[in-house]
Amino acid sequence: MKNVLLINSSREIAARMLQKRDDIRLSVITMPEYAGYYADGADVEVVDTIEDLTQVRLAALRIRERNPFRYVVSPSEWSIQAGGYVRSYFGLPGSGYEVANAFSNKYVMKQRLSAAGVPVARFRLIDRFAGAEAAAEEIGWPLVVKRSCGGGSEYVLPVHDADHLRLLAHDDSTGPIRTAPYPLMAEELVDIEAEFHCDGVVRDGRVRFAPVSRYFEPVLRSVGGVIGSYTLPDEHPDTLAVTALHERVVAALGLTDGVTHLEVFKTPHGHLVGEVACRPGGGGIADQVLHQYGVDLWSTFLSTSLGEPVYVDTLPRTDHMIQYMLPRPVGTVTAITPAEELLAAPGAVYAKVGTAVGDGLDGPVDSSVYAGVVLLRAATEDQVHERVADIGRRFRIEVAESAADAVRAAAGAAGKG
């Protein structure tokens, strides 16, 4: 029997998988909106936010009185730091706070990567939103302002010039980033020709598995529309470039055991590392990897967190596995294409529609918001584009937009302009 602490927010899959195991004595620290993931009678401590490390520490101390946990599982973007902190605080195995912070605090991440000679966009720490203007004197316009901590495309703002910055500084839509209790970063907005993700498995400090996929379009340009990617063959030039960067990133940030999700940009001046996390990628990425390579990233992530053996044995692939994240506009759904119709598409191997008629969604949306996932196999890159276009024609979602939604959308459009 293993005594395990799960620190979690929105990763329901990790909650479900751990609760199914009868060889684990599980305790949980989570937030009110996610408490429903756990069965009645489960050992759950609810805190205001797992971002507050003091609340997490005090909850962990209370849990230790009834469950002296030895392993900590932290599967969500927001729980990575808390997991590292608790491991370091109690002297437990796994990634400690220094490694966890480097994989979740983007400013620290970029500092470490830059010091190791890993190519990244130019960046600066800024004390307040308006401080981006001074940063631009060093790194130039346009740039991106973002929170140092956070996942997906949430709170990532492209800024064209000083006038645009001043406009955003007084726009209601930027309130959350201007007032957030996190350091802010200004980063060079690079000219992106293509964006890739690499989803690795690291064991004993060695990369055992690191497939590469190319996004249909760079993610920041795709928010609010279709986001997806397709796997690349092992010997593709971009695969070789990205996997080489992945090796360097893992070494620079000190990860010895875990699962990684790395974002890389291809620019006119070469490949640059965007960000990396030490947890499985979101959307349909884990399903994409499972169907293409037979590697279950979530099971592997749990195994590395619990000190269990990891087996990765794959064969080279020359075809492509597409993961297509179905768009989810703001509003209340009035009609949506069922999964069965999407499974009838050429090459389709999996389809799940998680949104139903009557479901409502308020804005703003980011890259973590989607209506479902379709996986398709394609023999060539030309066929990839054909099959992506085919799903675009087949899938329909209709929403009734509220007056409040319309006002927010108009304000967001004005801010981006």
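## Sheet, loops and cysteines

User: What joins strand S1 to S4, and how many are there?
Analyst: This is a predicted model. Strand S1 covers residues 2–7 and runs parallel to S4. Leu5 has its bridge partner in S4, namely Val72. The number of bridges joining S1 to S4 is three.

User: In what order do the four strands of the open sheet stand?
Analyst: The pairing in this sheet is parallel. Strand S3 (43–46) and strand S4 (71–73) each have a single partner strand, so they stand at the edges. The order is S3-S2-S1-S4.

User: What does the twist average from one strand to the next?
Analyst: The four strands form an open sheet with parallel pairing. From one strand to the next, the twist averages 20°.

User: At about what angle does helix H1 run to S2?
Analyst: Helix H1 spans residues 12–20. It lies across S1, S4 and strand S2 (24–30). Its angle to S2 is about 155°.

User: Which residues does the cis peptide bond join?
Analyst: Most peptide bonds are trans. Here, omega is about -10° at a cis bond. Pro142 sits in the loop between helix H6 (132–139) and strand S6 (143–147). The bond joins Trp141 and Pro142.

User: Is Asp204 buried or exposed?
Analyst: Asp204 lies in the loop between strand S9 (194–203) and strand S10 (206–209). Phi of Asp204 is positive, near 55°, and the residue is not a glycine. Exposed means over 50% relative accessible area. Asp204 has 61%, so it is exposed.

User: How far away is the nearest cysteine sulfur from Cys198?
Analyst: Cys198 is in no disulfide. The nearest cysteine sulfur belongs to Cys278. The distance is 14 Å.

User: What are the relative accessible areas of Cys149 and Cys198?
Analyst: Buried means under 20% relative accessible area. Cys149 is buried, at 12%. Cys198 is buried too, and its value is 0%.

User: How many disulfides does the structure hold?
Analyst: A disulfide is a covalent bond between the sulfur atoms of two cysteines. The sulfur of Cys149 is too far from the closest cysteine sulfur for a bond. Cys198 is in no disulfide either. The number for the structure is zero.

Terms used. Residues are numbered from 1 along each chain as its sequence is written. This is a predicted model: local features need pLDDT of at least 70, side-chain atom pairs count only at pLDDT 80 or more; totals for chains, interfaces and linings use all residues. Side-chain values use heavy atoms; hydrogens and water are left out. Two strands pair if DSSP finds at least two bridges between them. Helices (H or I, at least four residues) and strands (E, at least two) are DSSP runs, numbered from the N terminus. Axes are lines fitted to C-alpha atoms, for helices over the stretch in contact, and angles run from 0 to 180 degrees between N-to-C directions. Contact means heavy atoms within 4.5 Å. Buried means under 20% relative accessible area, exposed over 50%, partly exposed in between (1.4 Å probe, protein chains only). A disulfide is a pair of cysteine sulfur atoms within 2.5 Å.
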